[in-house]
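Please read the following report alongside the sequence and the model.

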Amino acid sequence: MPTRMRLTDINLLESLSSSESADFLKKFRERRVAKKEILYSPEDKENLVFLVKSGRVRVYLAYEDKEFTLAILEAGDIYSTHTRAYTQAMEDTTILVTDVRNFQKSITEFPAFALTMVKVLGDLLKNSITTINGLVFKDTNLRLVDFLVQAAKDTGIPVEQGIKLDLGLTTEEIALVVGATRQTVSVLLNDLRKSGVIERLNRGTILIKDLERLQEIASVS
């Protein structure tokens, strides 16, 4: 499962904000999608590349009644549709889309952007391997704890009571990230709350009161 909200630390929209990159962005068309709408599926024939302009997109594999989240794309993240994965808007989202051939041509015209893309693809591969490793070798409890520990490192805000996580995710969405049912995640979060390790501040915010204990749980293999 993704252990961080952002797929990579690189925001490509920021990288393309210079005047020299204006021609590059002209090759993209804007598309708006509603919350829970499927952007692209494995059945789609077109090979496209898209940039997330705003909102969040879940990348996942589906088999029968099971779904496995590979990544959550946020503003500035890039993705290609020629995979076996589904992409779904987690909220009202705007993307910038272009054909793969246009994209390949544009990269040759902007060498600096090509170097950035190498880093992005490397982060994507690393994230995918981490996801597969978690799904294969760790139970749901450890996947959830891993997710919280990594989120604390990546986006946690130190406060007097501990570390505040503004995840912006419901219990159901966290369950999709760690590859579990909503009921299972709800029970596990409740157990952590009763143990004094975390506190649920609101629908999308968690306070980690004892990060050391959480890390100890995560280290169990």
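Predicted model: local features only at pLDDT ≥ 70, side-chain atom pairs only at ≥ 80, totals over all residues.

Three aromatic pairs are counted in the model. One of them joins F50 and Y79 in a tilted arrangement, with 6.1 Å from centre to centre and 55° between the planes. F50 lies in strand β3 (residues 48–54) and Y79 in strand β6 (residues 78–80), so this pair ties together parts of the chain that are 29 residues apart in sequence. F50 is buried, with a relative accessible area of 0%, and Y79 likewise counts as buried, at 10% relative accessibility.

Together with Y40, the residues F50 and Y79 form one aromatic cluster. Y40 has a charged neighbour as well: the charged end of R31 sits over the ring of Y40, 5.0 Å from the centre of that ring.

## The sheet β2-β7-β4-β5

Strands of a sheet pair through backbone hydrogen bonds, in either a parallel or an antiparallel manner. Here, four strands make up an open sheet in the order β2-β7-β4-β5, and their pairing is antiparallel. The edges are taken by β2 (38–40) and β5 (66–73), each of which has a single partner strand, so one side of each remains without a neighbour in the sheet. Direction ignored, neighbouring strands of this sheet are turned by 35° against each other on average.

Within the sheet, strand β4 (residues 57–63) is joined to β5 by seven bridges, the two strands running antiparallel, and Y63 stands opposite K66 in β5. Strand β4 is joined to β7 by four bridges, again in the antiparallel sense, with V59 standing opposite T87 in β7. The pairing of β2 with β7 is antiparallel and rests on two bridges; there, Q88 in β7 is the bridge partner of I38.

Another open sheet of four strands has the order β9-β10-β12-β11, with antiparallel pairing. Its edges are β9 (157–159) and β11 (198–202), and each of these has a single partner strand, so one side of each is left without a neighbour in the sheet. From one strand to the next, the twist averages 30°. Strand β10 (residues 162–166) pairs with strand β12 (residues 205–208) in the antiparallel sense over four bridges, and the bridge partner of K164 in β12 is L207.

Helix α5 (residues 140–155) packs on this sheet and touches β9, β10 and β12, while the direction of the helix makes about 90° with that of β10. Helix α5 contains D154, which counts as partly exposed at 30% relative accessibility. The C-alpha atoms of D154 and L165 are separated by 9.6 Å, the two residues being eleven residues apart along the chain.

## The chain as a whole and its confidence

The protein chain has eight helices and twelve strands, and 46% of its 221 residues count as buried. Among the contacts in the chain with a separation of 6 or more, 72% are between residues 24 or more positions apart.

The pLDDT of the protein chain averages 82, and 78% of the residues score at least 70. Confidence is highest in strand β1 (residues 29–33), at a mean of 95, and lowest in helix α4 (residues 111–137), at a mean of 65. Over residues 1–5 the pLDDT is below 50, although in the model this stretch has 32 contacts beyond near neighbours in sequence.

Technical notes:
Residues numbered from 1 in each chain as written. Heavy atoms only, no water. pLDDT = per-residue confidence, 0-100. Contact = heavy atoms within 4.5 Å. Pairing = 2+ DSSP bridges. Axes fitted to C-alpha atoms, helices over the stretch in contact; angles between N-to-C directions. Phe/Tyr/Trp six-rings, centres within 6.5 Å; stacked < 30°, edge-to-face > 60°. Buried < 20%, exposed > 50% of the residue type's maximum accessible area, 1.4 Å probe, protein only. Lys NZ or Arg CZ within 6 Å of the ring centre and 35° of its normal.
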